[in-house]
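Let's walk through this structure together, starting with the overall fold and then moving to its aromatic rings. Keep the 3D view open as you read.

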Amino acid sequence: MKAVVCTRYGPPEVLRVAEIATPVPRGNEVRIRIRATAVTSSDCYVRGLALSPTYRLMARFALGWNAPRQPVLGMVLSGEVDSVGPDARSFEVGQPVFGFDRHRFGTYAQYVCWPEDGLLAPRPANLTDEEAAAIPYGGLLALSYLRKADVRAGQRVLIFGASGAVGTSAVQLARHFGAEVTGVCSAANVDLVASLGATTVIDYTSEDFTDRAERYDLILDAVGKRKSAAALGRCRRVLTPGGACISVDDGRPNLRRADLVLLGELATKGELRPVIDRTYALDDIVDAHRYVDDGHKRGNVVIAVA
Ligand SMILES: NC(=O)c1ccc[n+]([C@@H]2O[C@H](COP(=O)([O-])OP(=O)(O)OC[C@H]3O[C@@H](n4cnc5c(N)ncnc54)[C@H](OP(=O)(O)O)[C@@H]3O)[C@@H](O)[C@H]2O)c1
């Protein structure tokens, strides 16, 4: 099969398209014919190991010292079940699925084998594979942190970094939970964030949200501490008594299969809209990584797998 392999850590150019053996499902695994995947910010961290020295050391132990042990990166997929292992019972051959696996990787390819009890769910029927591939990463991370913060109806929630994969999901999911949402992004993304349900949108390039009189029950940093640290350092002064400020970089997210199913249901009902910035072919993975490395994508960058 065709796949993208990463044989050492480094810039986007370390990725190359290759022919490798098609995996065979064993035990409770299902083999998925991948139609679309996504280049996530996490993929770029894994490929480039552009992390603090401590995290880089931990990543080398976890992922492989000089190169990822699993040379095919990619955590997100949409496609259909193509073959099932002898013990797999949950999915049928031909069933459209979408999913996420941040440990196994392997989705920059035409096929991957994943256990049937992983983060895999029926693909929403109204979405294309490319749209479905734009849901799991940002959706599951945003849901995990909104749950951690116990977001509730009627609360005033500010999403800092509202235009990325996590941010565009967080805005829509906070609205789903009944919160009144303020989004913070740059001028170019103000209309997008408003269209996702934010009642107020603040352009961080021209205004500091902590200078406003508004108070928030929850501030969710959806862009990550390295980019948001200065702004979040001042966030206490705009919290309500008992309000909380959390970051998508705080602790490990709790990613649940039930939440993937929920995201699929919300997408089916039109309550969760996949936001796709650009779509690339698998052959153009290096360009896709260069673009995501820049750190300014709107929502998601999707890869169509022919
Ligand atoms: N805890 C975990 O295990 C875990 C896992 C995965 C990811 N994360 C964290 O989640 C973060 C977000 O991931 P993502 O995929 O959603 O990122 P992303 O899609 O790459 O974020 C891109 C967006 O960030 C915005 N942005 C860039 N610099 C900004 C700044 N200084 N202030 C406000 N917005 C800014 C950009 O908007 P503009 O172009 O308008 O600036 C762009 O729309 C990651 O960077 C990582 O820190 C944590």
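Predicted model: local features only at pLDDT ≥ 70, side-chain atom pairs only at ≥ 80, totals over all residues.

Residues are numbered from 1 along each chain as its sequence is written, and side-chain values use heavy atoms, with hydrogens and water left out.

Let's begin with the overall picture. The protein has 9 helices and 14 strands (DSSP runs numbered from the N terminus: H or I of at least four residues for helices, E of at least two for strands). Its C-alpha trace spans about 60 × 40 × 30 Å along the principal axes. For 306 residues, a compact globule would have a radius of gyration near 19 Å, and the protein agrees with its 19 Å; this radius is taken over C-alpha atoms, and the globule rule is 2.2 Å times the number of residues to the power 0.38.

Of the 306 residues, 54% are buried, where buried means under 20% relative accessible area, exposed over 50%, and partly exposed in between (1.4 Å probe, protein chains only). Among contacts (heavy atoms within 4.5 Å) with a separation of 6 or more, 72% come from residues 24 or more positions apart.

Now for the rings. How many aromatic pairs does a search of the whole structure find? There are 4, counting rings of Phe, Tyr and Trp (its six-membered ring) with centres within 6.5 Å; planes under 30 degrees apart are stacked, over 60 edge-to-face, and the rest tilted. One of them joins Phe61 and Trp65 edge-to-face, at 5.3 Å centre to centre and 65° between the planes. Phe61 is exposed because its relative accessibility is 60%, whereas Trp65, at 42%, is partly exposed.

Another pair is formed by Phe160 and Tyr204, whose planes meet at 45° with centres 6.4 Å apart, so this one is tilted. Phe160 sits in strand β8 (residues 156–160) and Tyr204 in the loop between β10 (200–203) and β11 (216–221), so the pair ties together parts 44 residues apart in sequence. Phe160 is buried at 8% relative accessible area, while Tyr204 is partly exposed at 41%. Ring pairs also bring in Phe209, giving a cluster of Phe160, Tyr204 and Phe209.

Finally, look for charges over rings, meaning NZ of Lys or CZ of Arg within 6 Å of the ring centre and within 35 degrees of the ring normal. Arg33 lies over the face of Tyr111 at 5.5 Å from the ring centre, and Arg278 lies over that of Tyr291 at 3.7 Å.
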